[in-house]
Amino acid sequence: MNNDFVAPPALNHLIVFARLPEMGRVKTRLAADIGAEPALSIYRQLLAHTRAVVAPLPVHKTVWLAEAGPAADLTDAWPGYEQLAQPPGDLGEKMQAAFAHDFDRQAAAVVIIGTDCPGLTTAHLTNAFEALRTHDVVLGPATDGGYYLLGMKQLWPSLFTGKSWSTDTVCAATVADAQQLGLRLQLLSELSDIDTGADLRAWETSTGKTFGQGLRVL
């Protein structure tokens, strides 16, 4: 991992949670529906899409990579990103650690995304950082009841605890926590993640696009 980056103070930070491409270890629910090889191809396209929409942002960028297996593609590049290993724990514990890492370095605002959202655009990310100028928390709801983006100006640990991760209750529970804390919350437009074959078919039907044609960055 590359730990040579030194982030300047009062900077916007973007966190990306990702895996290195590896057959059988990425998009496993999708692979169960369409096969491991097509799922890996789709995952590579989602990685490329994520990097493309992030590229124009003048922010500090960190990719936190999940533990790689023996067949992981170690050549998959994240140029311009600080690269760190995801810590142990559930998803909430991992995200909290990533936010804490950036706030410990005096980040002004921190936004986290994954690599599952083909509808994500640079505008969504720009809007998220803009929202944090006047709000405490910004959230991008996903159609499956989770979220594709979370941002905040300081660490609120309760947003990462007491959640049933990877279920349709996560976004609503996070909104409820923010409201209980009295935080100013901004919701972005709802987008779809691609986690299953049904997600893939629904996305292709609603957009008229296919992964075979590649993803077009807007």
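**View 1. Walking along the chain, the pattern reads β-α-α-β-β-α-β-α-β-β-α-β-α.** That comes to six helices and seven strands, where helices are DSSP runs of H or I with at least four residues, strands are runs of E with at least two, and numbering starts at the N terminus. Before zooming in, keep in mind that this is a predicted model: local features need pLDDT of at least 70, side-chain atom pairs count only at pLDDT 80 or more, and totals for chains, interfaces and linings use all residues. Residues are numbered from 1 along each chain as its sequence is written, and side-chain values use heavy atoms, with hydrogens and water left out.

**View 2. Here is the overall packing of the chain.** A compact globule of 218 residues would have a radius of gyration near 17 Å, and the chain agrees because its own value is 17 Å; this is taken over C-alpha atoms, and the rule is 2.2 Å times the number of residues to the power 0.38. Along the principal axes, the C-alpha atoms fill a box of roughly 45 × 35 × 35 Å. Take the contacts (heavy atoms within 4.5 Å) between residues at least 6 apart in sequence: 69% of them join residues at least 24 apart.

**View 3. Now for the surface and the charges.** Of the 218 residues, 50% are buried, with buried meaning under 20% relative accessible area, exposed over 50%, and partly exposed in between (1.4 Å probe, protein chains only). The chain exposes about 10,100 Å², and carbon and sulfur atoms supply 53% of that; the areas come from the Shrake-Rupley method with a 1.4 Å probe, and for residues only the protein chains shown count as cover. The 16 positive charges and 23 negative ones have mean positions 4 Å apart. Lys and Arg count as positive, Asp and Glu as negative, while His and the chain ends are not counted; each charge sits at NZ of Lys, CZ of Arg, CG of Asp or CD of Glu.

**View 4. Next come two cysteines, Cys-117 and Cys-171.** Searching the whole structure for disulfides (cysteine sulfur pairs within 2.5 Å) turns up zero. For Cys-117, the nearest cysteine sulfur is that of Cys-171, 13 Å away. Cys-117 counts as buried because its relative accessibility is 7%, and Cys-171 is buried too, at 11%.

**View 5. Last stop: Pro-88, in the loop between β3 (82-85) and α3 (91-103).** Buried or exposed, what is Pro-88? Pro-88 counts as exposed, because its relative accessibility is 75%. Ala-66 is 22 residues from Pro-88 in sequence, and their C-alpha atoms are 9.4 Å apart in space.
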